[in-house]
Amino acid sequence: MTNSRPVTGFNARSTLKVDDRSYDIWSLAALPRDKVARLPYSLKILLENLLRFEDGVNVTRADIDALLSWDPAAVPSYEIAFTPARVILQDFTGVPCVVDLAAMRDAIVRLGGDAERVNPLAPAELVIDHSVQVDEYGQPGSLAANTKIEFARNGERYSFLRWGQTAFRNFSVVPPNTGIVHQVNLEYLGRVIFDGEVNGAPRAYPDTLVGTDSHTTMINGLGVLGWGVGGIEAEAAMLGQPVTMLIPQVIGFRLNGRLKPGAVSANGRAARSAASTHAVRRAIFALAPRLAGRLSQARRTGPPPPPPSNCLVYHPAPRATAFHATRCNGSPA
């Protein structure tokens, strides 16, 4: 993501040196220490996002002050503009987004413009998993047979997506027979820290996202702030538009002990408590880092039924996450 108007209100822009490289960052140390210290980790990610995109229009100093003055007991009422670093799509809702981009290119050509100027402004990754079916089973060749049937059944659609991947910048497709979308997001696409360049200047900033799958929230187990949205919101984010949201309530959990063998984090008390506390579509859950030494599979929590795709369980990124991101995802974290 880019921001053509640099932050000036809080003088938060600074330089981080890592080995022989220097990165522009937006440091929370430029803000009042007492106000920052009282914020949950998840809100600190939102705060950095506001600092980085402060432009006096979409994000103002008043927005940053409102987040700094967050009242944990207040009913959410103040709206802010959050700009995610990337967008993740599954095939059912992602294909219409690509169709819209193609239609925009056609319209630009009819107006005498350059079609190649139409591209996602935020990195968008589409994972094909919702259309996969099981036709053959119980035999050694079942997987290969199902994959062949899958490509034959959806050949036209996959050809279109293949064209989109080669035609658009900032857009990639994960083919079928790779994994389900939230698994691929965790194991391959999650950066934890984005490492990019804007006008030739390297930048480092937290990995954040919105996605069109209800289990998008599982990425929070990796220390990556993300939640589910509808197709229209996802497409707007692809085109560089911020997602408007109320400054959320945050419920903190302190986890003690460890999961029993055979249990997964989605079965835990934190996941079940979401429904009982009526947190659906109104709260972000922040967990104290009690599982810091565990890999992300011990921390990621899916949404309880019914899936509140914008209710999430956020774990601050510990050392185990840095190991996971470096070994699995290729992130410089």
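**Helices, cores and a hairpin in a predicted model**

Strand 8 (residues 201-206) is mostly covered, with five of its six residues buried. Here, buried means under 20% relative accessible area, exposed means over 50%, and partly exposed lies in between (1.4 Å probe, protein chains only). Helices (H or I, at least four residues) and strands (E, at least two) are DSSP runs, numbered from the N terminus. The model is a predicted one, in which local features need pLDDT of at least 70 and side-chain atom pairs count only at pLDDT 80 or more, while totals for chains, interfaces and linings use all residues. Residues are numbered from 1 along each chain as its sequence is written, and side-chain values use heavy atoms, with hydrogens and water left out.

Strand 7 (residues 193-198) runs antiparallel to strand 8, and six bridges join them; two strands pair if DSSP finds at least two bridges between them. Glutamate 197 has proline 202 of strand 8 as its bridge partner. The two strands form a hairpin with two residues between them, and asparagine 199 in the turn has a positive phi of about 55°.

Helix 4 comes next. The 20 residues of helix 4 (residues 91-110) should span 28 Å at 1.5 Å a residue, and its end C-alpha atoms are 28 Å apart, which agrees; the expected span is 1.5 Å times one less than the number of residues. Its buried residues are Asp91, Gly94, Val95, Cys97, Val98, Leu101, Ala102 and Arg105. Seen down the axis of helix 4, these buried residues fall within an arc of 160°, so they line one face of the helix. The arc is that of the directions from the helix axis to the C-beta atoms. The face turned away from the buried side carries the exposed residues Phe92 and Arg110. Strand 4 (86-90), strand 5 (124-127), helix 6 (155-167), strand 6 (171-174) and helix 8 (231-238) pack against the buried residues of helix 4, where contact means heavy atoms within 4.5 Å. At the N-terminal end, glutamine 90 caps helix 4, with a side-chain oxygen 2.7 Å from the backbone nitrogen of phenylalanine 92. Helix 4 is followed by glycine 112, whose phi is positive, near 85°.

Tyr158, Leu161 and Gly164 are the buried residues of helix 6. Down the axis of helix 6, they fall within an arc of 115°, so they line one face of the helix. On the other side, Glu156, Arg162 and Thr166 are exposed. Helix 4, strand 5, helix 5 (142-153) and strand 6 are among the elements that cover the buried residues of helix 6.

The largest nonpolar core has 49 residues, and Leu47, Leu126 and Leu161 have the most contacts inside it. Such a core is a set of buried Ala, Val, Leu, Ile, Met, Phe, Trp, Tyr and Cys residues joined through side-chain atoms within 4.5 Å. Not counting residues up to four places away in sequence, leucine 161 touches Val95, Val98, Leu126, Ile128, Phe171 and Val173. A second, separate core of 13 residues includes Val184, Leu189, Val192 and Met218.

Finally, leucine 31 lies in the loop between strand 2 and helix 1. Leucine 31 is buried, with a relative accessible area of 5%.

Key: Polar contact = N/O pair within 3.5 Å; in protein donor to acceptor, adjacent residues only side chain to side chain.
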